[in-house]
Structure formats: C-alpha cells, structure tokens
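Please look over the sequence and the model shown below. The paragraphs that follow lead through its charged pairs, its nonpolar cores and one loop.

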Amino acid sequence: MNLDEITAAATGVHAELAAGVERWREQVHTLARDIHANPELSFEEVKASSAIAALLRGGGFDVVMGTAGLSTAFTATVGSGELTVALCIEYDALPQIGHACGHNLIAGASAAAALALAPLADSLGITLKAIGTPAEEHGGGKVLMLEAGAFDGVGLSLMVHPVQDGVTYNPAGTSAQAVGRYRATFTGKAAHAAAAPHLGVNAADAAVLSQVAVGLLRQQIPGDHRIAMYVAEAGHVTNIIPERAVVEFECRAFTLPEYESLLVRVRRCFEGAALATGTELSIESTEPLYEPLLQNSDLAANWTTAMDVFGKDISPSAGLSGGSTDMGNISQVIPSLHPWLSIPGADVPIHSHAFAALSDTPAAYEVMFEAAVALAWTAADAATDPAQRTRFIAGAYRPAVTKDHFA
C-alpha cells in the first residue's frame, strides 16, 4: 500500500496522523532535499538547523535555538501533557562524501512526524519535543545535550536511520556498537636524514609499528569487534627525521566491558611501538564515548505493527554487524527506538558516495514519509496505551549525577 492508500484506510488518530504527514509532504520534501544538497559537517550545520527550526516554528512549535550551548542545536516544543515524547533530528554530513549516512532522511522523517503530531499533542496528553541534535557523525552532540539537561523529563525518544536495501524493518533485538575515538601522538627527535640520522628518534617509525601491531591483533579479537585507524601526521619533508607522528584510531564493540577490554589491548600496541622506537607516547580522547544502543520492546512493537501495515519486511533480525550512534547514550537512560529504514535499491554500503546519491532519490523520500507516519503512530500508541503510558511517565529521565563524557 502507498501512503495515499494508508491514509484512506487508517482510522481515528492513525488517520489524522497519516493525513498530517501528507499535509506537510511538499515542505518536508523540499527541506530534506535542500539538506542533502548543502551538506554541513558536525557542529557546522547552520543552514540545516535554521531551516528545520523555521519549518517547525511554522507548524506551531515554540523553538529555542542553541540548546545545551551548541549553536546548531535546538528544542522545539508543543503541548503540555504529562508524557514527554522526544523526536531526535540529525542533520550533519560526512567529510568529502556528504550525506552518505542519509541524515537528510532522518531530519525529514522526524520533522514530518513532529508536524503531524503537533495538532494532537494535547488530546494525546503529551508534551512533544523535536530536538535538533548536531554532530552525530563526530562529536557526540546527543551526549553533550543529555549531560546538559536537554533530555530531562523525557519519557521516550524516537528516530529512524537509513540503511541498505534488504534490512528488516523489525528493530527488536538490533543494536549498535559502543565506540571511542582517540588521538595517539608519538614524540621523537628531529635530525638530518642524511647527515646525522643516528641522532634522531623517528616518530613515524612508531606510527608504522603501531599499525602493524594493531593489524596483527585483529586476528585475535572477536568477529564483531572493530578497530579503525589512520595516520594524520608523520613528517613533512624527506630530509628530516620526523619528530612527531599522530595516529587517529577508534575501537568498537557491542558491550561496554568488551569495548573496554579491546581498548586496553589496542593501547598496548601503541605503547609497544613507543617502547621499540624510543619515542614518547600520549593518548587522548577526541570525542565522547558512544554507548551501545538499546531498543525498547514496547516501542519496537508499535513501530513493527505500523510497518506491517505498509507491507514491509518485519521478520526477526539477527542484529547489525557494525556501526555506532550517540543515540545509544540516550537509549541507556531513556526508553528509545532507533529502527532501520531500508532504502529500496540501495545495494551499496553506507558512508559511500553511492549511498549518498541514493539518499536523494524518489524511493528514499517515499520511505522517509512512511517512516514519518510510523514514528507518529508509534508515539501515539505509546501515549494512548494505558500500560505503556504509565511505564513511560514513571520512567522519565531524571539525571542523578553528571558524568565525564570523555571516557
């Protein structure tokens, strides 16, 4: 069934929400295409955040820019019900390859769902927050916002994420990995590479040895763990022994204990390289730690029911093989849903030029609007089911202490 048929066949609140998404279709479609055409990196999403905020303001939301002290974050609020529902909106792009993670579709789906829910917020008994969350790709915007109080009082949080074709629309049991990102700096001693190389301490050699050690380590780690790295600096001219080398790296695993164990082993690779070359080593965190993603079972059931109406594949999933999101940190403390939006015909990996192109196709925008309807239905069903409503209100996020976000 297409969206027009769904709108005609739905009843009650579902029908009103489907019609609401349809009512905003043209403006949201334009918004999503503009975001795709003007990719902005983490914490630099000036055009995207302003455009989304303006659209929500036109839909009756009270919009406050600069949430949590982040200039490209915002909070748009409507309604005053006891249950607070958050729709997370992402809009940052990747360096060089633009919206190769489909954040233009994430923004469109959440914005359309929010605009459809807005007129019904009071009748549903909800306070609806559409929260603009910058810097998901790098920087952990949601982590910073969570710690600054932007999600205080939220009872449930929702968003979607595009993936390749063929991934089930049933999010139950799926997850995303914890990830930590670091900068390793080796410091040696410069010397003339021809006249006195023996007086130098080669930091670039340490970078090479660390790569070799990590490469050998990969054989000995579980298959669902991930290590990635690149040399950011290792000398500048051939006739000087490099005195400084910088390696950026990250570690990923599906549980925090596994992640912490992996990190220890990777750090030892760098320490061994420093010892072998006589260089000094420092390792620092460059971004907040992204925690594993937890899918709430009630919200997953609501979403899956909606996607079944759309005729989507809702077969059980074996889980994803990789990837991370700062939505994981939200899901650890707030009942959350982060389902997967399968783009028809997308048989290429995300974070590629090809996937960026497929995120700006009619098929991608059609499933974006289907997802918007499903998000709105999921929130409405949570608000109107007495048992779910009671659980989500009782479990609203109330932070106990502020954590150090660099782990």
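Are Lys-312 and Glu-370 buried or exposed? Both residues are buried, where buried means under 20% relative accessible area, exposed means over 50%, and partly exposed lies in between (1.4 Å probe, protein chains only). The model is predicted, so local features need pLDDT of at least 70 and side-chain atom pairs count only at pLDDT 80 or more, while totals for chains, interfaces and linings use all residues. Residues are numbered from 1 along each chain as its sequence is written, and side-chain values use heavy atoms, with hydrogens and water left out.

The side chains of Lys-312 and Glu-370 form a salt bridge, at 2.9 Å from N to O. Here Lys-312 lies in the loop between helix H10 (297–309) and helix H11 (327–333), whereas Glu-370 belongs to helix H13 (residues 362–384), 58 residues apart. A salt bridge is a side-chain nitrogen of Lys or Arg within 4 Å of a carboxyl oxygen of Asp or Glu. Helices (H or I, at least four residues) and strands (E, at least two) are DSSP runs, numbered from the N terminus. Side chains of opposite charge can pair when their charged atoms come close.

The structure holds 13 salt bridges. One of them joins Arg-183 and Glu-284 at 3.4 Å, N to O. This pair links strand S7 (residues 178–187), which holds Arg-183, with strand S10 (residues 280–285), which holds Glu-284, across 101 residues. Arg-183 is partly exposed, with a relative accessible area of 28%, and Glu-284 is partly exposed as well, at 42%. Another salt bridge, of 2.4 Å from N to O, joins Arg-244 and Glu-233. Arg-244 is in strand S9 (residues 244–253) and Glu-233 is in strand S8 (residues 226–234), eleven residues apart.

Attention now turns to the nonpolar residues. A nonpolar core is a set of buried Ala, Val, Leu, Ile, Met, Phe, Trp, Tyr and Cys residues joined through side-chain atoms within 4.5 Å. The largest such core has 74 residues, and those with the most contacts inside it include Ile-52, Phe-74 and Trp-303. Helix H13 gives the most to this core, with 16 residues. A second, separate core has 25 residues, among them Ala-178 and Cys-251.

Finally, Pro-349 is placed in the loop between strand S12 (340–342) and helix H12 (353–358). Its C-alpha is 9.0 Å from that of Ala-100, although the two residues are 249 apart in sequence.
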